[in-house]
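This report describes a single protein model, from its overall composition to selected local features.

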Amino acid sequence: MRSLLEVRSAAGQVLLLQIVVAVLLITAAVVALAFQTRQDSERDAQNRSLAAAASFARAPGTVEALRSRDPAAALRTHMDAAQRGSGVDFMVVMAPDGTRYADTDPRLVGKRTEGVERAAAGEAFTEIFKGAPNDAARAVVPVTDADGSVVGLVTAGVTVENVGDAVDRHLPVLLVSAVGALALATGSAVLVSRRLRRQTHGLGPAEMTRMYEHHDAVLHAVREGVLIIGDDDRLTLVNDEARRLLELPAGAEGRHVTDLGLDAPIATLLASGRAVTDEIHLAGDRLLAVNTRPTAPYGGPPGTAATFRDTTELRVLSGAAEVARERLKLLYEAGVRIGTTLDVMRTAEELSEVAVPRFADFATVELLDPVLRGEEPTGAHTEMRRAAVSGVGEDRPFQPVGDLVRFVVPTTPMAAALASGRAVLEADLRVAHGWRAQDPVGAGHALAYGIHSLVSVPLQARGVVLGMVNFWRSQSTGCFEEEDLAFAEELAARAAVAIDNARRFTREHAMAVTLQRSLLPRVLPEQDALDVAYRYLPAQAGVGGDWFDAIPLPGARVALVVGDVVGHGLHAAATMGRLRTAVHNFSALDLSPDELLGHLDELVSRIDEEEGDDGGDSITGATCLYAIYDPASGLCTMATAGHFAPGLVRPDGTVDFLDVPVFPPLGLHGLPFETAEVRLPEGSRLVLYTDGLIEHRDRDIDTGLRLLRQTLADHADATPEETCQAVFSAMLPPHRRDDIALLVARTHLLDPARVADWDVAPDPAAVAPVRAACGRQLETWGLGEIGFTTELMLSELITNAIRYGSEPIHVRLMYERGLICEVSDGSSTAPHLRRAATTDEGGRGLFLVSQFAGRWGTRYTPTGKVMWTEQSLTDGRQPAPEPDLDDLSWLPDDPL
């Protein structure tokens with residue numbers, strides 16, 4: 001105990017401090033508890049007072065007593081009983097103005113009580129009252145009658161002296177608790193101090209001196225240099241290892257760090273006070289890893305502690321580790337940068353760009369010709385096409401891209417690499433006789449440039465050679481070494497996979513484009529109603545389902561079609577071909593645009609159902625715009641299924657987008673389609689397009705339509721071909737994610753002088769006059785050589801209309817590219833060609849028509865039907881022989 005009380009020891013100081021802290025804490029606790037006890041006593045007194053006053057105020061008879069003639073007499077007995085029962089020191093009954101009716105102290109009856117205004121207003125409250133007759137914790141409660149009016153006040157309370165007595169009763173307990181707590185704290189402090197004394201072993205001055213000596217010995221024995229620099233940048237402490245590493249002079253302690261002869265970077269670092277970790281500095285011929293930390297946060301005086309570790313022996317290992325780290329980083333970048341596109345040539349360029357300059361000064365990539373075309377590589381590997389060259393300079397001593405490179409000498413590194421399937425190193429090209437014999441001139445140029453080392457690696461994927469890559473180094477860098485081969489093979493392997501993927505995509509894309517182009521029209525048919533120009537571009541990443549067409553129809557009319565099958569790939573292209581064929585077939589029936597789209601919608605729905613049952617891809621989402629232009633009237637009838645309305649450039653240069661009723665895409669079973677009709681002046685241009693032209697990732701539909709309108713307006717006088725060129729120049733996106741189809745048609749009107757028509761009475765006798773008039777018209781047009789066959793066909797068609805049709809009957813001749821004859825009537829019953837029996841007297845007229853006409857058929861109109869024939873005038877064929885009318889028994893019949 002005596003040793004613990006020795007304040008010069010650490011244990012004594014801790015014991016004294018703990019006792020002082022315990023006394024302060026216990027004293028504060030006792031005072032707080034006493035204050036809290038008084039607060040609780042006052043709160044309890046207020047609560048008891050409130051309960052007593054409230055009980056008396058609400059007791060039966062209290063209101064009646066207050067309203068009696070002598071409230072004091074009526075209340076005194078009850079009030080005394082209530083006081084004794086509740087345990088309060090006093091109770092008072094007052095009038096609303098505070099005048100006392102009854103009081104525990106009779107001397108106060110009749111006097112007024114202060115501070116009861118809140119209760120007179122109807123609010124009960126409690127408070128610590130200070131004033132006459134004495135300080136007290138009181139409660140004031142209003143007495144209210146049935147209608148809520150305050151008829152009196154009741155006050156009950158406990159004097160402050162009695163409250164203090166309650167606190168005094170708790171003080172002995174508090175003091176006893178405080179003494180116990182102090183004793184417990186003192187005992188625990190003694191225990192802690194004893195344990196501290198045992199842990200420090202009671203060290204005195206001698207022991208502390210010995211401990212310092214041991215510390216000093218360890219400081220100088222470690223293999224790391226240690227410096228302590230004060231806040232004035234002067235050397236405070238230095239160990240022997242630091243003297244050796246930094247070659248410090250004798251008596252260095254106390255000198256400024258800039259006066260120690262240190263290398264400038266190290267001196268600057270020590271004087272700056274900057275904290276660093278393993279920062280490498282050169283000190284003479286040594287590489288030192290320097291660590292600096294401020295000493296103040298660790299309990300020492302302000303300054304800097306620095307350590308130095310000799311890392312010269314680790315230089316070679318760290319260099320190798322750095323090279324390995326760079327190689328791993330380069331391989332990662334190769335995985336990211338090679339194969340960003342599905343283009344074979346671009347992938348080869350990316351391989352060469354990744355390798356230069358961090359692995360080689362130059363890189364050349366050669367690929368087999370089938371690989372460049374997207375085909376499976378076959379044949380010998382002795383000839384390849386140079387696909388990429390990259391280097392550190394602009395002038396490159398190698399064959400350019402596109403040249404054929406041959407490896408016919410088996411001792412060349414390239415041939416050896418292809419034969420073994422592994423990378424081959426040629427460390428010194430000056431002694432590579434096989435390489436020099438392969439191409440003496442090219443080798444001489446390379447050596448003169450400074451190329452001196454080579455690594456050749458075959459590009460293989462799935463065990464198939466695709467090409468090879470050669471890495472070259474010049475005089476600016478060292479030679480390749482054996483450890484470079486593994487990296488070169490890994491880099492080539494990753495690139496080969498990307499090249500093979502690009503090759504496969506090239507093949508599939510070429511197949512899809514070939515299929516798609518085979519399904520699109522190679523040339524548009526000749527006709528005189530429209531001057532048509534078109535553009536079509538497939539998507540760069542694949543083919544889609546866009547298509548267009550111009551289909552000649554009977555009566556010199558032309559149908560314009562633009563459609564789009566949503567999606568990409570072979571399925572979309574094949575679906576496009578099916579829909580285009582279906583449109584051609586439906587057009588042959590000469591249907592109106594709304595009827596044609598209705599049949600096409602049913603076809604798409606049926607295909608969807610069939611392919612959905614087989615687990616195939618549905619084609620829901622196909623859109624189509626179908627328009628028919630009649631040059632005789634200039635009327636254009638059109639309908640759309642989910643497609644954009646066409647643009648119209650009028651002869652005066654104004655541009656509009658036609659108002660066509662909007663309907664859902666094909667295959668959704670929507671409502672019946674509706675048509676829109678517009679009469680086009682001669683020289684108008686219809687512009688039909690797909691969404692790939694106006695919409696892409698960087699441009700929305702509204703912006704695309706505005707740009708298209710502006711482009712058409714700026715080239716209002718251009719031809720259809722010039723319009724296509726202008727639109728593509730202004731609107732073609734930088735990267736086509738979708739197909740683009742554009743169709744521009746300039747309208748013509750048929751010369752009225754080349755149209756003749758007659759109304760025919762429903763009388764067989766009317767046939768001859770119409771026939772004669774037709775003959776005269778043909779003579780006027782200079783077509784007399786076909787007059788007989790034309791009159792014969794017209795006679796048959798008019799006779800059939802009179803016999804089997806209904807009024808009105810009308811005949812029209814049109815002289816366009818050929819001669820068109822039309823006979824219309826009010827009946828919708830179509831004639832059918834069939835073979836007549838030998839005993840039939842008639843039924844052979846349609847067969848005559850089919851033999852003499854180049855084309856013939858029937859189309860329906862809202863008022864009936866039209867039978868038409870076409871006779872070609874420019875195909876160079878000889879006129880059809882006149883039939884032998886004496887023997888017609890073999891001809892088929894054509895009843896309606």
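## Basis of the model

The model is predicted; local features require pLDDT of at least 70, side-chain atom pairs count only at pLDDT 80 or more, and totals for chains, interfaces and linings use all residues. Residues are numbered from 1 along each chain as its sequence is written, and side-chain values use heavy atoms, with hydrogens and water left out.

## The chain as a whole

The protein chain contains 23 helices and 31 strands, where helices (H or I, at least four residues) and strands (E, at least two) are DSSP runs numbered from the N terminus. Of its 896 residues, 45% count as buried; buried means under 20% relative accessible area, exposed over 50% and partly exposed in between, with a 1.4 Å probe and protein chains only.

Among contacts in the protein chain with a separation of 6 or more, 61% are between residues 24 or more positions apart. Contact here means heavy atoms within 4.5 Å.

## Packing of α19 and α20

Helix α19 (residues 701–714) packs with helix α20 (residues 720–731) at an angle of about 140°, their axes lying 10 Å apart. Axes are lines fitted to C-alpha atoms, for helices over the stretch in contact, and angles run from 0 to 180 degrees between N-to-C directions. The two helices, α19 and α20, are therefore oblique to each other; angles under 35 degrees count as roughly parallel, over 145 as roughly antiparallel, 65 to 115 as roughly perpendicular and the rest as oblique.

G704, L707, L708, T711 and L712 of α19 form the contact with T723, A726, V727, A730 and M731 of α20. These contact residues comprise seven nonpolar, three polar and no charged. Ala, Val, Leu, Ile, Met, Phe, Trp, Tyr, Cys and Pro count as nonpolar, Asp, Glu, Lys and Arg as charged, and the others, Gly among them, as polar.

## Two buried positions

S49 belongs to helix α1 (residues 10–57) and is buried, with a relative accessible area of 0%. Leaving aside residues up to four places away in sequence, S49 touches V88, A137, R138, A139, A156, G157 and V158.

L686, in strand β25 (residues 685–689), is buried at 2% relative accessibility. Beyond residues up to four places away in sequence, the residues that L686 touches include L560, C636, L658 and V744.

## Cysteines

The whole structure has zero disulfides, a disulfide being a pair of cysteine sulfur atoms within 2.5 Å. For C821, the nearest cysteine sulfur is that of C774, 7.2 Å away. C821 is buried, with a relative accessible area of 1%.
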